[in-house]
Amino acid sequence: QVQLVESGGGLVQVGDSLRLSCVLSGRTFSNYAMAWFRQAPGKEREFVAAIGSTNGVTYYQNSVRGRFTISRDNAKSTVYLQMNSLKPEDTAVYYCGADFGSDYDPRWKLGDGIDYWGKGTLVTVSS
């Protein structure tokens, strides 16, 4: 059974930092590109960041570039999202996704092209 389990969300103040984690079980983690998406209340799910399965190249949405960092630890089957300088507009449920055999898929920018999804973790940034 494939599972993606996110953790690390919570309530923080503007300017604070959080680190989200997502663990993949049931599949070989190193075979998957990993991505983070988010969905704010009343909005569609949007791409946040991704990291390739083989080349480790990273991709970011423009609004988080320079503030967020995605990384992966294949030995722990875990992908991380370090979020710094958080803003109220970062408030959302954050989901991780796994895409088999990819280093990059343009469908990620549309919230698509993902084989497995986690259930999400809520991040609330209070002003």
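Guide: Welcome! In this predicted model, the backbone nitrogen of Lys 119 lies 3.1 Å from a polar atom of the Glu 6 side chain.

Visitor: What makes the pair formed by the backbone nitrogen of Lys 119 and the side chain of Glu 6 a polar contact?

Guide: The cut-off is 3.5 Å, and the 3.1 Å separation falls within 3.5 Å, so the pair meets the distance criterion. The backbone nitrogen of Gly 120 also lies 2.9 Å from a polar atom of the Glu 6 side chain.

Visitor: How do you know that Glu 6 has no salt bridge?

Guide: A salt bridge needs a side-chain nitrogen of Lys or Arg within 4 Å; the nearest side chain of opposite charge, Arg 45, is 7.9 Å away, so Glu 6 has none. Glu 6 is buried, lies in strand β1, and is in contact with residues including Trp 36, Tyr 94 and Gly 120.

Visitor: And why is Asp 99 said to have no salt bridge?

Guide: Its nearest side chain of opposite charge, Arg 107, is 5.3 Å away, and the limit is 4 Å, so no salt bridge is counted. Asp 99 is buried in strand β9; among the residues it touches are Tyr 32, Trp 108 and Asp 115.

Visitor: What makes a group of residues a nonpolar core?

Guide: The members are buried nonpolar residues joined through side-chain atoms within 4.5 Å. The largest such core has 28 residues, with Trp 36, Leu 81, Met 83 and Tyr 94 making the most contacts inside it. Elements giving two or more residues to this core include β4 and β9. A second, separate core of 7 residues includes Ala 35 and Trp 108.

Methods
Residues are numbered from 1 along each chain as its sequence is written. This is a predicted model: local features need pLDDT of at least 70, side-chain atom pairs count only at pLDDT 80 or more; totals for chains, interfaces and linings use all residues. Side-chain values use heavy atoms; hydrogens and water are left out. Buried means under 20% relative accessible area, exposed over 50%, partly exposed in between (1.4 Å probe, protein chains only). Helices (H or I, at least four residues) and strands (E, at least two) are DSSP runs, numbered from the N terminus. Lys and Arg count as positive and Asp and Glu as negative; His and the chain ends are not counted. Contact means heavy atoms within 4.5 Å. A polar contact is a pair of N or O atoms within 3.5 Å; within protein, one must be able to donate a hydrogen and the other to accept it, and residues adjacent in sequence count only if both atoms are side-chain atoms. Lists of a residue's contacts leave out its neighbours within four places in sequence.
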